[in-house]
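Take a walk through this protein with the structure open beside you.

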Amino acid sequence: MAAPILLDLLWPIFLLIGWEHVSIVPNRNQFLRLQFDFYPISHGLVAVIGWATLYAAVYFGVTRYLAGAIVIWAGVVSHWLMDLIVHLPDLQLYATSRAYVLGLWNHRWLAIALEVVLLAIGAWIYERQTRASDRIGLYGYIGFVFFLMAAYAAVLIGPPPPSVKKLALVALLAWLMIPWAWWFDKHRTRRA
Ligand SMILES: [Zn+2]
């Protein structure tokens, strides 16, 4: 869970420290309120490969589980590749360069459809692979999926963030997803 969202776990920290910068632009397009001015440490491709390698190495060092470490590496890098599809031309390779992006966020309904379908596929795969062994495994998981959808809806229809600091503090809530997922996953078993 932490691997694919690692960059967004780091991003609010770098915003609060002042190493990365974002502007709130309420009407940037019909979908997006943020302009990502500078975020090469959390979202630059060169740094992303570094984070992926660091995380996978630490994971392998602790667990000696190679397949898991490879999945973690791919999970961290997948965030940047997914961002490539939706971001406007603000995604970075390193400090000042700009990556070529597909800009799906310029097509509101297409972007929403793709993101909701991807979430549904992920939830479906997880549901097929695991079975709740008790009520926590069932309702903890269902609550988690609803939380993700509610958070997404809040971003779409809620007001723009009042300040970058408040945005960063709210973004830090993503850290909650890790103990939450760990908790319900402990109450589910692998389907045969
Ligand atoms: Zn991100």
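One term comes first. A crossing of two helices is left-handed if the near helix is turned anticlockwise from the far one by less than a right angle, and right-handed if clockwise. Keep in mind, too, that this is a predicted model.

Now the overall plan. The protein has eight helices and four strands. Along the sequence they follow the pattern α-β-β-α-α-α-α-β-α-α-α-β. Of the 192 residues, 35% count as buried.

Start with helix H1, residues 2–17, and helix H7, residues 164–171. Their axes lie 8 Å apart, and the packing angle is about 150°. Angles over 145 degrees count as roughly antiparallel, so H1 is roughly antiparallel to H7. The crossing of these two helices is left-handed. Which residues meet here? H1 brings Trp11, Pro12, Leu15 and Leu16. H7 brings Lys165, Leu167, Ala168, Leu169 and Ala171. By class, the contact of H1 with H7 has eight nonpolar residues, no polar ones and one charged.

The axes of H1 and H4 come within 7 Å and cross at roughly 45°. That angle makes H1 oblique to H4. The crossing of H1 with H4 is right-handed. On the H1 side, the contact is made by Ala3, Pro4, Ile5, Leu6, Leu7 and Asp8. On the H4 side stand Ile72, Gly75, Val76, Ser78, His79 and Trp80. The contact of H1 with H4 divides into eight nonpolar, three polar and one charged residues.

Which residues are the protein donors of the zinc ion? They are Asp8, through OD, and His43 and His79, each through NE2. These donors lie 2.0 to 2.1 Å from the zinc ion. Their spacing in sequence is D-x34-H-x35-H. Asp8 lies in H1 and His79 in H4 (residues 66–86), so the pair ties together parts that are 71 residues apart in sequence. His79 counts as buried, at 8% relative accessibility.

H4 also packs against helix H3, residues 45–63. Their axes are 8 Å apart, at an angle of about 160°. That makes H3 roughly antiparallel to H4. H3 passes H4 in a right-handed crossing. From H3, the contact includes Leu45, Val48, Trp51, Tyr55 and Phe60. From H4, it includes Leu66, Ile72, Trp73, Val77 and Trp80. The residues of the contact of H3 with H4 comprise 16 nonpolar, two polar and no charged.

End at a strand. Thr130 lies in strand E3, residues 130–132. Thr130 counts as buried, at 10% relative accessibility. What does Thr130 contact, leaving aside its neighbours within four places in sequence? The partners are Arg188, Thr189, Arg190 and Arg191. Thr130 and Arg190 are 60 residues apart along the chain, yet their C-alpha atoms are separated by 4.3 Å.

Notes
Residues numbered from 1 in each chain as written. Predicted model: local features only at pLDDT ≥ 70, side-chain atom pairs only at ≥ 80, totals over all residues. Heavy atoms only, no water. Axes fitted to C-alpha atoms, helices over the stretch in contact; angles between N-to-C directions. Parallel < 35°, antiparallel > 145°, perpendicular 65-115°, else oblique. Contact = heavy atoms within 4.5 Å. Nonpolar A, V, L, I, M, F, W, Y, C, P; charged D, E, K, R; others polar. Donors = N, O, S within 2.8 Å, 3.2 Å for Na, K, Ca; no water. Buried < 20%, exposed > 50% of the residue type's maximum accessible area, 1.4 Å probe, protein only.
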